[in-house]
Amino acid sequence: MALAQHYQKLKDVHLRQLFAEDPARGERFTVEAAGLYLDYSKNRITDETLTLLQQLARECGVKERIDAMFRGDKINVSENRAVLHVALRAPRGACIMHDGRNVVPDVHAVLDKMADFSARVRGGEWKGHTGKRIRNVINIGIGGSDLGPVMAYGALRYYSDRAMTVRFVSNVDGTDFAEAVRDLDAGETLFIVSSKTFTTLETMSNAHTARSWLLAALKDESAIAKHFVAVSTNAPEVAQFGIDTANMFEFWDWVGGRYSMDSAIGLSTMLAIGPDNFRAMLDGFHAMDEHFRSAPLERNLPVLMGLLGVWYSDFFGAQTVAILPYEQYLKRFPAYLQQLTMESNGKHVTIDGVRVDYDTGPIYWGEPGTNGQHSFYQLIHQGTRFIPCDFIAFSRALNPVGRHHDILLANVFAQTEALAFGKTAAEVKAEGTPDWLVPHRLFEGNRPSNTLLLDTLTPAALGKLVALYEHSVFTQGTIWQIDSFDQWGVELGKALAQKIIPQLDGSSEPKLEHDSSTNALIRRYRKTKEP
């Protein structure tokens, strides 16, 4: 394979050499599109690398698969579903077909319903059971029904209504719910229960606990309809819970959970930032969608980032990717990307069900800068692990304070420079370092990174960033020939938990037929759980 042969030639070439041989490298290896500037010059690549990676993309049918997704083909083969999160942010008047029907009008009908509801809550027209204005919103969900809204609320908090408290409950650990409502007035609290089927164990456990908490304070079953709304498709279960189905917001089976933050799952986001800002975020998503759909491979941001990820994962053996946003509002962005990337591409068989003989889906992780510099950057700089990094930064601060933003951005540029070029033994010795200390102060460099630079963290900018990574994940999945849109790996543990739950309760000893470890753990828990 040409790429494997090329890797053998390039694997020991240092970024110092690549930059020395090409003084214009830092300007040539950049792409600017849809308001994002990507500097990928500090990657261990040459023009030949890019040519070969783009040829790989063509051979794997990346362009054809992009067209198939936008066309509404059922590219989620294991579930026989279309993959149409791009329809969630398509403008009015667009046409995206699914089973012979244009779904864009349906999307905008739900968006309009969300906007009307949000305006009534934010404006005080919607009141709770006792006549009080809603001041607290709690989103109850898990997975994509939680991580997207949590991240988006944190990212766009600058634009939020600060008179409204917005919180999120996902963990079935009772502490999550208890802390979320500890200081709230039930008469001022609205719960959004986000579950497509309205049967998800963790979500519905928390929803019923919320229901009991509300009724303990308000003492009237009719209060449920004024303090609960649903994001679901299961109208009978929603009605049985006590929620007026007029306040049920729909989404569709062609939307995967981890791709749903811009659907009705984003209702809490819209309540926080308002309908206009939410639509601006959708416009940002759409701008990146159009770039991904139409740009040539060599200038296509998501394709380039996806191909670089494949290069490092499958040729350099990179097991992880660090996501390093230098923006405090994006502190939950790495956690959001963990689900997007690892649930999508953590697969061991191809679309055809054949076991892969190459690595897929690296581990994504990270923290905001500059905090991470004082913890795990030590390992990235001088450890034995090979960790490609994505640095994300903004030219303008939302909260300008003195020289803080200059200091922040100086650290972005310095870290990528240090990772790429390091410090040689000669440079260390020239500083007067004694010989015995030189190895400790040596930086090998040659650690690759991307730098993504945007103007300001706006709702539109967030949409562009999320869509960039969505489509990068899609590109990698296409190269690896896997289904990036199913998630069978989450099912086995959940099914076993349903079997174990009744075995943990009751006075009589249950018949246990698990392995010896699981049986022993169940018996110990039953013995020790009561004080």
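Is Asp73 buried, partly exposed or exposed, and at what relative accessibility? Asp73 is partly exposed, at 29% (buried is under 20% relative accessible area, exposed over 50%, partly exposed in between; 1.4 Å probe, protein chains only). The model is predicted: local features need pLDDT of at least 70, side-chain atom pairs count only at pLDDT 80 or more, and totals for chains, interfaces and linings use all residues. Residues are numbered from 1 along each chain as its sequence is written, and side-chain values use heavy atoms, without hydrogens and water.

**View 1. Salt bridge between Arg71 and Asp73.** The N to O distance is 2.6 Å (a salt bridge is a side-chain nitrogen of Lys or Arg within 4 Å of a carboxyl oxygen of Asp or Glu). Arg71 is partly exposed at 48%.

**View 2. Salt bridge between Lys132 and Asp185.** The side chains meet at 2.6 Å, N to O. Lys132 lies in the loop between helix H6 (104-123) and strand E5 (136-140), and Asp185, 53 residues apart from it, in the loop between helix H8 (174-181) and strand E7 (189-194) (helices, H or I, of at least four residues and strands, E, of at least two are DSSP runs, numbered from the N terminus).

**View 3. Strand E12 (residues 389-394).** Six of its six residues are buried, so E12 is largely enclosed by the rest of the structure. Cys389, Phe391 and Ala393 point one way, and Asp390, Ile392 and Phe394 the other. E12 pairs in the parallel sense with strand E10 (residues 320-325) over four bridges (pairing requires at least two DSSP bridges between two strands). Six bridges join E12 to the parallel strand E13 (residues 449-454), where Leu454 is the bridge partner of Phe394.
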